[in-house]
Amino acid sequence: PIVLTRFSDAEIAIYFLFGTVLSFAQLLDLGMAPTLTRYFAYASAGAPDLDSLIAKKRTEHGVPNWDLIGRIFSISGYIYLCISALVFVLVGGLATLAIAHPIGHLQDPDEGWRTWGVIVVSVLYISYSARYRIYLRGRGQLALEQRIFAIIALLSLVGATVVLVSTESLFWTFLTLQLSSVFGGFLMMFIAYQSESRRLLSLPAFAWDRELFDHISGPCWKTAVAVSASVGTNRLSGLLLAQFISPEALAPFLFAQRVIDFSIQFLSTPVLVLQPILPRLRAQGKVVEIASMMEKRIFFSLGCLSLWVGAFSLLGPWFLRIIGSEVGFLGSVEWIFYILFILYDRLCAYITMIHMSTNQIYFWRHSLIYALSTLLLSLSLVPEFGILGFLVSILFSRVVVYRLEPLKKAAESLDSIPPLQFLFRCSLLAACPLILTATFHLILN
C-alpha cells in the first residue's frame, strides 16, 4: 500500500520488475536446490549409498549416513560458487538489457541504475548462501530454517517500510531490502554450523566428488529445465510485457501479480514444507502416509488460496480507492483467465511434488514446451491484445501441454491410487471458490 501511494506509475512498475528479477535469480541454481534437498533427505533417512537413492529401494534403519551427508555438503560448496558466478553474469548482463527500457521511463533514471547496481552485487552472496538453507531443509531442520527466514523477512519488511516512508526513495528502499537478505544469508550459515552439536564443522566445506556429481547431474538438469521454464515463464512475464506496454498500463497487472505471488508463497507453505519430507518417507517405503498428508494439505492450501484470490479480485478496486492510489485494476475478463490459470497452475505444481520425490524428473519436457508455447503465443497476441493476450497464452499453453499427466504420474508413484478420487478429494472441492469467482466476473462483464 505504501509503494502504491508514494511512487509514480513508472516507479511502481520498476519496483515490481526488480522484485521479479530477484525472484527469478533464485531459479538460476540449475535445479540444485530441490535436487540437493532430496539427496540430503535420502541420506538423512539412512540411505547407505548412492544406488539407494532410488524410490523402489527402501532403507531399513533410518540412521543418518553422515559420510554421504558430508559428501553432499562438500560438493555443494563448489556448485554454489559456480552458480553465484552464473547468476551474476546473467543478472548483470541479460537482465540489464531487459530492464533498460523501463528504467528509461523513470523521472530519475540514474537512481534506477544505482538501485540496479545494488541488486546485481548483492545477488552474489545471496545465491551462494542458499546452500545452507538447503542443508537445513534436507536434514529435517525445516522448522528452524523457516523461523530464521520469517525473522529476516519481518526485519526486512519493517526496515524497508521505515526507509520508504522517510525517504520515498527507490534506491534506499532496495538497499535496505538487499542488506537484509545478505544478513539473512550470513545468519543461515551461522545457524547451520551451530546446529546438531556443530556436526557440520567436522565436514569439509569444499571437496570435489566426481561420482556424486555424475549421480546428481541427471535429475539436476532436468529439474532446472522444469522449474526455470515453468516458474520462470510466469515470473519473467513482467519483463516481456514491459517491451510492449507502457508502465501505466503494466502497473495494474504487476500489482495483481505481486499480491497473488505473495499469497501463493504464503498459502502454499503447508504443502511446500513437505518437500524435504516426501523423499525421506519414500526412502522408508511410507507411500500411504505421503498420499494422506498431501491430500489434506493440498485441500487446505488450495481452499485458502481460492478464497483469498476470489476476494481480492472482487474487492481490489475498493482497496485501491481506500488508500488513495491512482493505479488501475485488472478488468473482469483478465481476471477470468488469471483465476483459471492460478487454479490449474497450483494444482499441477502441488501434485508434481509427489512424483518428483521419487528422484525421477518426468515433466521437464512439458515445462520446456510450455515455456516455448507461451513465448510464441505472447509475441503474437501481446502487441494487439496487451495483458489479456499474455494471460490467454499462459492458460492455453499450460492446459494443452500438461493436461492430467501430473495427476496420473503422481497416482502411479503412490501405488496406483485412483487419480480421479485423489483429484476430487484434494482439489476440486477446494477450488470451488475460484470457479465461482470466475463465473461472477463473467456475469459482471
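Which residues in α6 meet which residues in α8? In this predicted model, Tyr-132, Arg-133, Tyr-135 and Leu-136 of α6 are in contact with Met-188, Met-189, Ala-192, Tyr-193, Ser-195 and Glu-196 of α8. Sorted by class, the contact of α6 with α8 comprises 7 nonpolar, 1 polar and 2 charged residues. Helix α6 spans residues 130-138 and helix α8 spans residues 170-198. The two helices pack at an angle of about 35°, and their axes lie 8 Å apart. The crossing in which α6 passes α8 is left-handed.

On the surface, a nonpolar patch is formed by Leu-314, Leu-315, Trp-318, Ile-322 and Phe-440, which together have about 520 Å² of accessible area. Helix α14 (residues 287-323) gives the most to this patch, contributing 4 residues. Phe-440, by contrast, is located in helix α20, which covers residues 432-444.

Charged pairs were also examined. Side chains of opposite charge can pair when their charged atoms come close. The model contains 6 salt bridges, among them one between Glu-211 and Arg-71, with the closest N and O atoms 3.4 Å apart.

Notes
Residues are numbered from 1 along each chain as its sequence is written. This is a predicted model: local features need pLDDT of at least 70, side-chain atom pairs count only at pLDDT 80 or more; totals for chains, interfaces and linings use all residues. Side-chain values use heavy atoms; hydrogens and water are left out. Axes are lines fitted to C-alpha atoms, for helices over the stretch in contact, and angles run from 0 to 180 degrees between N-to-C directions. A crossing is left-handed if the near helix is turned anticlockwise from the far one by less than a right angle, and right-handed if clockwise. Contact means heavy atoms within 4.5 Å. Ala, Val, Leu, Ile, Met, Phe, Trp, Tyr, Cys and Pro count as nonpolar, Asp, Glu, Lys and Arg as charged, and the others, Gly among them, as polar. Patches are made of residues with over 30% relative accessible area and no salt bridge: like charges are joined within 9 Å, nonpolar side chains (Val, Leu, Ile, Met, Phe, Trp, Tyr) within 5 Å. Accessible areas come from the Shrake-Rupley method with a 1.4 Å probe; for residues, only the protein chains shown count as cover. A salt bridge is a side-chain nitrogen of Lys or Arg within 4 Å of a carboxyl oxygen of Asp or Glu.
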